[in-house]
Amino acid sequence: MNLTAEIQKVKTGFHRSFWVANGMELFERLAYYGQQIVFMIYLRNNLGFSETEAGQLSGMFGGLIYLLPILAGTLADKWGFRRAFNIAFSILALGYFLIGSMGMSIFSGIYGTAPNYWLLMSFLILTAFGGSFIKPSVLGTVAVTSKEEVKSLGFAIYYWLVNVGAMIGPTIAYFVRDSFGNEFVYLVSSASCLAMLVVNLLLYKDVKGNEPANVESLGKKITNLFVVLTNFKFMIFLLIYSLYWIIFWQEYIILPYYITDFIDKNAPYEIIQSWAGAGAIILLQIPVNRLTKKLPSHKAILLGFAASSLIWIIIGISPSIPTIVAGLIAFSIGEMIQAPRYYEYISGIAPAGQQGLYQGYAFLPIAIARFVGDPFGGWLYQTSKESGHPEYVWYSMITIGLLAAFFMYLYNRIVMKGK
């Protein structure tokens, strides 16, 4: 098919709401990753929390962001995506503003002697609840606004824009943080979500799919969750996969601390992380997919795990800005190798007739990793720094990465043998 026909297919293959939803997703991811990259530094340097406490708060926030969409998706289906977007952006705008206001002297009289830890925890839970509606609403929109022949392209556009947001958000955060302070990064995130609320009200229209709706109740969703959790083999797989995501999120937990404490306190760590990480995915995802497309899914995941472990080896040998950049790119290459094959792999694990159910809970490893890995990362960094051996954090990450690859190898040989 010639290029003109392909372009025409793209022009006619998507409903207008597809582009509106993905545009809103770009700005929501910009807001999320912008605040996420300064989160640990903000909590320690501005709000006075220890690294361990900051990790605990980050774990609760990040874990809920990835766990709650299981239930929020049901509400989004019942209410319609337009209403779900309205709720999401309203709460996100308020939540980010409240988090940022805790670091502003003008609000010190309002919060008074309230316990900062639990006050911030309540703000984070509120914000996570609002954010939980975004993912199911955007993915649901992509599904119903894309014609069948361009549906895979629609999801590729969504994934690409997520990474664009992950690159632009921290870049903006650096300039805002450098000029005004960490707390103002949250005001930018709040303003971004408020702007998307206006866009949603003015431009987004709900679109009904061709197939009859089959919306599960919240009770059914909870029942399904226990069905998944009682599958011992699947839970082993999720726990192994969560090891990968534990080391992934240390880019936001440990790296900002280490760069500012031991390399250069004025370094633009936001730009370093985003351009080397998300930037590499934006540029290299298609070439890497083409080079590895013939690999079986279990081998692709093993290779991805092993490649991602290189980030910590490269940095551990000689911690510096160049080695951190090289390590982040290495980690991203590992992510590009294994991430597209993840859902294919799950299809080989799921019992017959439960493919959709298991795919729906495929992001549970990220929730597990945030609940466990963020507090672990904060504690690990604080403990290593106090011991006078900050390099221990890199050795620990190398160990976790190699364990993930080793356990996945055993899982393939023992549990998945013959599949």
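A: The description below takes the cavities in turn and then turns to one helix pair.

The model is predicted, so that local features need pLDDT of at least 70 and side-chain atom pairs count only at pLDDT 80 or more, while totals for chains, interfaces and linings use all residues. Residues are numbered from 1 along each chain as its sequence is written, and side-chain values use heavy atoms, with hydrogens and water left out.

A cavity here is a set of points, on a 1 Å grid over the protein atoms alone, where a 1.4 Å probe fits but cannot get out; its lining residues have an atom within 4 Å of a point. Grid points are joined across faces, edges and corners, and a volume is the space filled by probe spheres set on the points. Two cavities of 30 Å³ or more are counted by this rule.

The largest cavity holds about 80 Å³ of space. Its lining consists of E25, E28, R29, I65, Y66, P69, G131, I134 and K135. Two or more of these residues come from each of α2 (16-46), α3 (51-67) and α8 (134-145), helices being DSSP runs of H or I with at least four residues, numbered from the N terminus. The greatest share, three residues, belongs to α2. By class, four lining residues are nonpolar, one is polar and four are charged; Ala, Val, Leu, Ile, Met, Phe, Trp, Tyr, Cys and Pro count as nonpolar, Asp, Glu, Lys and Arg as charged, and the others, Gly among them, as polar.

The second largest cavity has about 50 Å³ of space. Around this cavity stand L30, G34, G169, I172, A173, V176, V185, V188 and S189. Here α2, α9 (151-179) and α10 (182-203) each give two or more residues, and α9 gives the most, with four. This lining comprises six nonpolar and three polar residues, with no charged ones.

Helix α12 (residues 232-248) packs against helix α20 (residues 392-415) at an angle of about 155 degrees, and their axes lie 9 Å apart. Axes are lines fitted to C-alpha atoms, for helices over the stretch in contact, and angles run from 0 to 180 degrees between N-to-C directions. The pair α12 and α20 is therefore roughly antiparallel, a term for angles over 145 degrees. Residues of α12 including F234, I240 and Y244 take part in the contact with α20, where the partners include M397, G401 and F407; contact means heavy atoms within 4.5 Å. The residues of this contact divide into 16 nonpolar, one polar and one charged.

Note on methods. Angles under 35 degrees count as roughly parallel, over 145 as roughly antiparallel, 65 to 115 as roughly perpendicular and the rest as oblique. On a 1 Å grid over the protein atoms alone, a cavity is a set of points where a 1.4 Å probe fits but cannot get out, and a pocket is an open set with protein on both sides within 12 Å along at least five of seven lines; lining residues have an atom within 4 Å of a point.
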